[in-house]
Amino acid sequence: MRTTLSTPESSSAAHSGDGEILARLAAAAVTRLQLGASAVLLDAADAPLHSAGAPEFQQVLLRVILHHRAAIRQAPAGSVRVLSRLTFVQQPSYPQATLALVPLALPDGEPLGTLLALHPGDWSAVETFALESLARAAVAELRWRREREARRHSEDKLTLLERALETVDLGVTITDEQGTIVFTNPAEARMHGYQVEELYGREARSLAPPELWNPGAAVPARPVRRWMRERVNVRRDGTRFPVRLWSDVVAADDDRPLGLVTWTEDLSARGEPVQPAADADRDPMTGLPNRAAFLRALGQACDAKREQRGQNFVVLFVDLDRFKAVNDRLGHAAGDAFLAVAAERLAASVRPTDLVARIGGDEFAALLHGVEREADALAVVQRIQRLLGAPVTIGDAEMTASASIGVALCGSADTPEGILAVADRAMYRAKSLGAGHHGFSEPGVRDHEEALLQVEQDLRRAIRNDELTLRFQPIVCLKDGRLEGLEALVRWNHPERGLLGPQAFLPVAEEMGTIVEVDRWVLCAAARQLKAWGDHPVLRSVPVSVNFSGRHVVHPRVVQDVERTLREYGVDPRRLIIEVTETSFVEDFQTAASVLAALRDHGVGICLDDFGTGYSSLGYLRQFGFDRLKIDRSFVQRIGENAADEAIVRSIVALAEALNLTLTAEGVETVAQRTVLQRLGCRDAQGFLFARPMDVPELGAWLLASA
């Protein structure tokens, strides 16, 4: 008997080849054990019911299934459950019988259904064992049949895949983890001058020039999406030809890499010249083109556009956010691995016709051909952020990445370097908004950038022509007015605009990167002046403070520069104080800490400027070991008017006393402010109340007047 029972609760679909085996199971149970009836109830919805036995007993089974399906499924897996007559036989017309249930499941735990058997009498232990044995045998046969069908299906798919790959024009090669070729197609063999059989077992790198062989792992340690690159390959006779390669890592379910599949396009048929496979054009860490190769390709695109042979294009400047933290926390090896993953994902974000290159450090660039407007590149920008945002496992750490991305259209500058610089500045504007942002080079912005660029060029000239000059502002003791120190402040004697204050050029220097050169000039000028004051009766013992920007604090040679400058001018390190703000080291905490510690160990004083306006001042005081603090002028200016500001200053004074720090209040302009600061216990102060920033002759006159 074969009946279809519709049920909404389907746990697994019936396999196409199971019916015959299950029908034989039901029949064997009836004939071998002399049962009234037997049936196999599958868990799948709309699955057929396979039954055998006397019609009246089959009717009993059908009624039991229809009315007690839930109870039937409660049988523990792998055991026989016998139900008494009274459980199911409640009508006089039913034959007297006892029901046995055997759950059916494959070895992997996949449930199939239940074998039901009606015995005219009572079940003995031997009969229940025999019924369970029949069920096990049927399940074993089901498993064997399914495995055979799966193998046949896989073999058919492989045969179909092989036939398809034999007909394509692109070369296809599959390698194992060691880089050994385990499959290739006729197109791959043909373009390299081999027979298919000759490539099996060879190392895939033998198809490339020796200078491009990578001594590292043949398969990346992390599964990544497809990445593309262009290079040259070598034929059997030694001739070289240009190719474009697309590669994908084949990974197991647990992301463990199993091998690499690479598609190869022969570009020589298109008449494209063979490019030299020189290491000079390739970044050794990521395998991407380097800055020089990118600028060369960008120059070709510019020439084609200028000669009206090419399309519009867009350049992306990509800077990884917080990459320094990866190096600091996990080490440079982990940082290199992180860069390799980022490079793979960036290459996977663009089309095969586009170009991705590593510009340097954690900076990359992309050249997108055929893009008419900057806004049209938004889809690529979003794809980059999405791919970079996927988790990356480096050692035992899992992390995600994001990037600040600048976008520049081909007409934003006249030269390849200029276009890349426009994209770079757009990236910096995006970074100022926070991680994961992008920015465009709008016309208004470009006008502003041109103005900034002009200021930057003039400032570089000013440094060379010694147009910068120093002004010195006294720091005095509030108790007796004694001179405690001087702060060196830079000014610019502009040949056309006259004397410029710091706000006219220092923000530009910060944005354009010239600030380190300005800081170095101030350091040398201050050291030169300290040497000149070596015999001065007052100034020979007075320390001078100079300000270091955030870029300068983390510069690789800052400690050596300070030590060399002091040694060159014969200045006692104790006469120099370096002032920094908390924003100087928020982005690179560890480097800043080591730099300031080295300077302090050398004898230089370290002062935290603008205290109270940063992110976590107390934590920085504890970890950096500052010996001086400056209260930010914003608190001092309202100290007589605002109770909250007065409370803040009182707390800072108490903190400085507890930590034995020299404390200076900035921006003191009124007698009332000085009176409150004295009452609160602040020791030193500077501001217009005492003196404005002065040149050397003015400072000498002020000293005479103050004597």
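**Entry 1: a starting point**

In which helix does Glu456 lie? I looked it up, and Glu456 lies in helix α13. Helices here are DSSP runs of H or I with at least four residues, strands are runs of E with at least two, and both are numbered from the N terminus.

Before going on, I noted that this is a predicted model, where local features need pLDDT of at least 70, side-chain atom pairs count only at pLDDT 80 or more, and totals for chains, interfaces and linings use all residues. Residues are numbered from 1 along each chain as its sequence is written, and side-chain values use heavy atoms, with hydrogens and water left out.

Is Glu456 buried or exposed? Glu456 counts as buried because its relative accessibility is 9%. My cut-offs are under 20% relative accessible area for buried, over 50% for exposed and partly exposed in between, with a 1.4 Å probe and protein chains only.

I then asked what Glu456 touches, leaving out residues up to four places away in sequence. I found Val508, Met512 and Thr514. A contact means heavy atoms within 4.5 Å. Thr514 is 58 residues from Glu456 in sequence, yet their C-alpha atoms are 7.1 Å apart in space.

**Entry 2: the whole chain**

Next I stepped back to see the chain as a whole. I counted 23 helices and 27 strands. Of the 707 residues, 49% are buried. Among contacts with a separation of 6 or more, 62% join residues 24 or more positions apart.

The chain exposes about 34300 Å², and carbon and sulfur atoms supply 52% of that area. Accessible areas come from the Shrake-Rupley method with a 1.4 Å probe, and for residues only the protein chains shown count as cover.

**Entry 3: α8 and α12**

Now for some helix pairs. I took helix α8 (residues 291-306) and helix α12 (residues 416-432), whose axes come within 9 Å and cross at roughly 110°. Axes are lines fitted to C-alpha atoms, for helices over the stretch in contact, and angles run from 0 to 180 degrees between N-to-C directions.

That angle makes α8 roughly perpendicular to α12. I use 65 to 115 degrees for roughly perpendicular, under 35 for roughly parallel, over 145 for roughly antiparallel and oblique for the rest.

Which residues make the contact? From α8 I listed Arg291, Phe294, Leu295, Leu298, Gly299 and Cys302, and from α12 Pro416, Glu417, Ile419 and Leu420. By class, the contact of α8 with α12 has seven nonpolar, one polar and two charged residues. Ala, Val, Leu, Ile, Met, Phe, Trp, Tyr, Cys and Pro count as nonpolar, Asp, Glu, Lys and Arg as charged, and the others, Gly among them, as polar.

**Entry 4: α10 and α11**

Helix α10 (residues 332-348) packs with helix α11 (residues 378-388) at an angle of about 145°, and their axes are 9 Å apart. I noted a right-handed crossing where α10 passes α11. A crossing is right-handed if the near helix is turned clockwise from the far one by less than a right angle, and left-handed if anticlockwise.

On the α10 side I found Ala342, Arg345, Leu346 and Ala348, which meet Ile384, Leu387 and Leu388 in α11. The residues of this contact divide into six nonpolar, no polar and one charged.

**Entry 5: α21, α22 and what lies between**

Helix α21 (residues 643-659) and helix α22 (residues 671-680) have axes that come within 10 Å and cross at roughly 45°. That makes α21 oblique to α22. Their contact is made by Glu646, Val649, Arg650 and Val653 of α21 and Val676, Leu677, Arg679 and Leu680 of α22. I sorted these into five nonpolar, no polar and three charged residues.

In the loop between α21 and β26 I came to Asn660. Asn660 has a positive phi of about 60° although it is not a glycine. I jotted down that most residues other than glycine have a negative phi. Asn660 counts as exposed because its relative accessibility is 70%.

My last stop was Leu663, in strand β26 (residues 662-665). At 5% relative accessibility, Leu663 counts as buried. Setting aside residues up to four places away in sequence, I found that Leu663 touches Leu629, Ile631, Ile652, Val653, Ala656, Cys682, Arg683 and Asp684.
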